[in-house]
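Have the viewer open and follow along.

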Amino acid sequence: MRVFWIAVFPPLTVRETRDKIIIRSGCRQTRVLHLPPASFRRQLPVTGSPTRQRSMQFPARAAAPHTEMEPFTCFTDVENSRSYIDELYSEDDQKCLGAIIHLRNAVIGSNKKKGSIISQGIVPRLIALLCNAGKLLQLRIEAGIVLGSLAKGTESQVHSLMRFNIVEVLITIIFDPATDERLMETCLGALQTIVQYPFAPLDLLYSDINNIKRLIRKCLVVWGGKERAANQQLTPIYASHFAEIASPGSSFACQTYVVNIFVPLCHSSHQQKNLCQADVIPFLARLMTFDKTALQVPALKCLAAMCFTNKSVSNIVHATYHAGQSILDILTVLLSRTRDVQVQLSASRCLTYLHRAGSLPAEDYRIVYKTLPCLARLCSDEFEEDTRATAAETLAYLAEIDSELQRLAAISNHLIASLANLVKCPSVLSRQGAFRCFASLAANDEEIRKRIIEMDGLMEEVLSGLKDCCPEVRLSAVRCLHSLSRSVQLLRTTFQDHSVWRPLMDLLSGDPSLELQTVVTSTICNLLLEFSPAKEPMLESGAVEMLCELTKHPDPALRLNGSWALMNMAFQAEQHVKTKIINTLGTDRIFQLLGDRDERVIMKTLGLLRNLLSNTLHIETIMSEHSSEVLRAVSLVLDDPHPPEVKEQAIIIIGNITAGARDEDYVLQDEKIVKKIRDFLVANDNKLQMGAIFVVRNLLDKSGRQHILRQWGFLENLEQLLHMTPQHSQFYEEIRDEILRFDYSEDH
């Protein structure tokens, strides 16, 4: 069981024995770090002796998991001095310091040498030196520097450090009020490196809000009896009893490390809330006002991460002021061309996330006249490729759901031409960002789609993106196609010329991600529209079977797309296509879809039935074989507590059946459905009333049914509905016409 002993500040006692180091806190909680045997530490490898190096046996508990053991062939200094390892374990601080300095110079910049150090079990000794307050300060600092360098190694090497609870050790030293400023900054730097890894134990920080507050307090510079942070007056909220930090320059380093530590703590809404409750937002606002890019950029990244898809945090940011200026105004100032490019980009992301979270409307001048033009400008060729890629990705997110922002972006700073150049860049981020931005721009406007597709070689780039080895690029390319597929003209021309449906169908083979399947099948829905030339070849290539199988998927979005695509396929289709759909899907599956938890799936399944039963000849053919199943499915929808929009679709299907069935009165034979239609005439919803009138009109088209309907009470309900309806409405005239069609003479 993991014990969290870092939330308090007990004094540390370090005791080193022959084979282990014991670190004990004041609350009787202990960590034991095992050392390699003394004989191993003294047996130094000799250059040019491969036999000895290969025969070395390293202690298993000090080895990195899944990492190949590397012999200790390090550095010229070690090879020339057999006493090197002994000095590292020496009780003489000066000798130990010299050994660590040699170690530091060797491991910096060399992952191979980092692996050798970890393999030999030297990490526990470094941790012991770092934790031992009785050792020379410089010795502890050098030990922290080496550990920080090891944390910049490979992922497997960092995994090895985790085995020694390195994060707990670093946090304990950082939170210790007696820790010297330079040692604290060294530990903060190492912690900043480690927390960037997804497997870092971040819960040690964000699980306790006080830990976050302590990190903020560590950014204080206190001297002369006045609280200062890098020469700026602080608000009283940051008052602290912690260690004095002597120089303003050091404070910049502390603040940079701390804000970079906060960035990976913002991934979930719970983490975002914790940071907000720990007063991180005022802290970030203060850092954003410093004219130091090294502070502003991480502060902006942290603020953006806190606001991402979190409306409550975004609202707090919207209402927060610093030094008489709102955070929104501070962000707007940072969009200026005179600012560092990364500052402009990061500030744009903050405002973008504030807008998408719902705290800033799309019409706000900060979005329309500041953020959007800034992002469009940063996409141009004059900037670095990674800047352009990030700007394109951010702009795609900004304009994704607003057609007016899409229109403005498309005419800003030659954006479409800039994106056409960006999509040809080799990097994954560039292609992904460009495709996503094209997808957002083309989501709603036909003219924008035309301008995009007219860019030289763009369709070839999109098709190439569908086959890219990177999943993110493939997904973005499909998103681009999805937006373009909303154009009738492009479906009939460009999509047909390039047989776009083939690579799309290929993407569904293998084991694609859920998100990729969703976007691909959404695009296929458009390709199966009645006017699309791709419809016929897709039918011949097994589209019906694929889509029917999709309706069984556990994900509701894929079930929706499957039923939606089948609905499009059945629209004005030939009899053999409709028959194939019914036989492949099966009536049992139709019942299951009509009982789906997702209302959208029910609507599309009803739309499928409506399209299947839309032609007189087809209705008679289908009902002659499946009448009981169809009527049972419709009755199921009418009985369930669905909203009027859903029941209206079921009523229209009944109306189609009454109009198209020539040989038999399928509807009148079902007493339950007839009563439902009668009751809907006087329902409190206009959609249900109009649907019921549609059924009655089709029933009365055939002679001899007036008497039956009168017996069921339809005439009385029609007259009641007439009294409920305003006299000057069109619906009133329709009701009166149906009443007049009854033959009153049959009453006598």
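Angles under 35 degrees count as roughly parallel, over 145 as roughly antiparallel, 65 to 115 as roughly perpendicular, and the rest as oblique. Keep that scale in mind for the helix pairs below. This is a predicted model, in which local features need pLDDT of at least 70 and side-chain atom pairs count only at pLDDT 80 or more, while totals for chains, interfaces and linings use all residues. Residues are numbered from 1 along each chain as its sequence is written, and side-chain values use heavy atoms, with hydrogens and water left out.

Here is the overall picture. The protein chain has 45 helices and 8 strands; helices (H or I, at least four residues) and strands (E, at least two) are DSSP runs, numbered from the N terminus. Of the 748 residues in the protein chain, 55% are buried, where buried means under 20% relative accessible area, exposed means over 50%, and partly exposed lies in between (1.4 Å probe, protein chains only). Contact means heavy atoms within 4.5 Å. Among contacts in the protein chain with a separation of 6 or more, 68% are between residues 24 or more positions apart.

Now to helix packing. Two packed helices are described by the angle between their axes and the distance between the axes. Axes are lines fitted to C-alpha atoms, for helices over the stretch in contact, and angles run from 0 to 180 degrees between N-to-C directions. Take helix 28 (residues 471–484) and helix 32 (residues 514–527): their axes come within 9 Å and cross at roughly 25°. Helix 28 and helix 32 are therefore roughly parallel to each other. Their crossing is left-handed, a label used if the near helix is turned anticlockwise from the far one by less than a right angle, with right-handed used if clockwise. On the helix 28 side, the contact is made by Arg474, Leu475, Val478, Arg479, Leu481 and His482, and on the helix 32 side by Glu515, Leu516, Val519, Val520, Ser522, Thr523 and Asn526. Sorted by class, this contact has 6 nonpolar, 4 polar and 3 charged residues. Here Ala, Val, Leu, Ile, Met, Phe, Trp, Tyr, Cys and Pro count as nonpolar, Asp, Glu, Lys and Arg as charged, and the others, Gly among them, as polar.

How do helix 7 and helix 8 pack, and at what angle? Helix 7 (residues 123–131) and helix 8 (residues 137–150) have axes 8 Å apart, at an angle of about 140°. Helix 7 and helix 8 are therefore oblique to each other, and helix 7 passes helix 8 in a left-handed crossing. From helix 7, Val123, Leu126, Ile127, Leu129, Leu130 and Cys131 meet Leu139, Arg140, Ala143, Gly144, Val146, Leu147 and Leu150 of helix 8. By class, the contact of helix 7 with helix 8 has 11 nonpolar, 1 polar and 1 charged residues.

Helix 9 (residues 155–162) belongs in this part of the tour too. Its buried residues are Gln157, Val158, Ser160, Leu161 and Met162, and they pack against helix 6 (111–119), helix 7, helix 8, helix 10 (166–175) and helix 11 (181–194).

Next, the cysteines. A disulfide is a covalent bond between the sulfur atoms of two cysteines. With a cut-off of sulfur atoms within 2.5 Å, the structure holds 0 disulfides. The sulfur of Cys187 has its closest cysteine sulfur in Cys131, 8.3 Å away, too far for a bond. Cys187 counts as buried, at 1% relative accessibility. Cys307 is in no disulfide either, the nearest cysteine sulfur being that of Cys350 at 6.4 Å. Cys307 is buried, with a relative accessible area of 0%.

Leu422 sits in helix 24 (residues 415–422) and counts as buried, at 0% relative accessibility. Not counting residues up to four places away in sequence, Leu422 touches Glu385, Arg388, Ala389, Ala392, Ser430, Arg431 and Ala434. Gln689, found in helix 42 (residues 686–700), counts as buried at 8% relative accessibility. Leaving aside neighbours within four places in sequence, Gln689 is in contact with Phe680, Leu681, Ala683, Leu721, Met724 and Phe731. Finally, helix 15 (residues 269–277) has Gln271, Gln272, Asn274, Leu275 and Cys276 as its buried residues, and just after helix 15, Asp279 takes a positive phi of about 65°.
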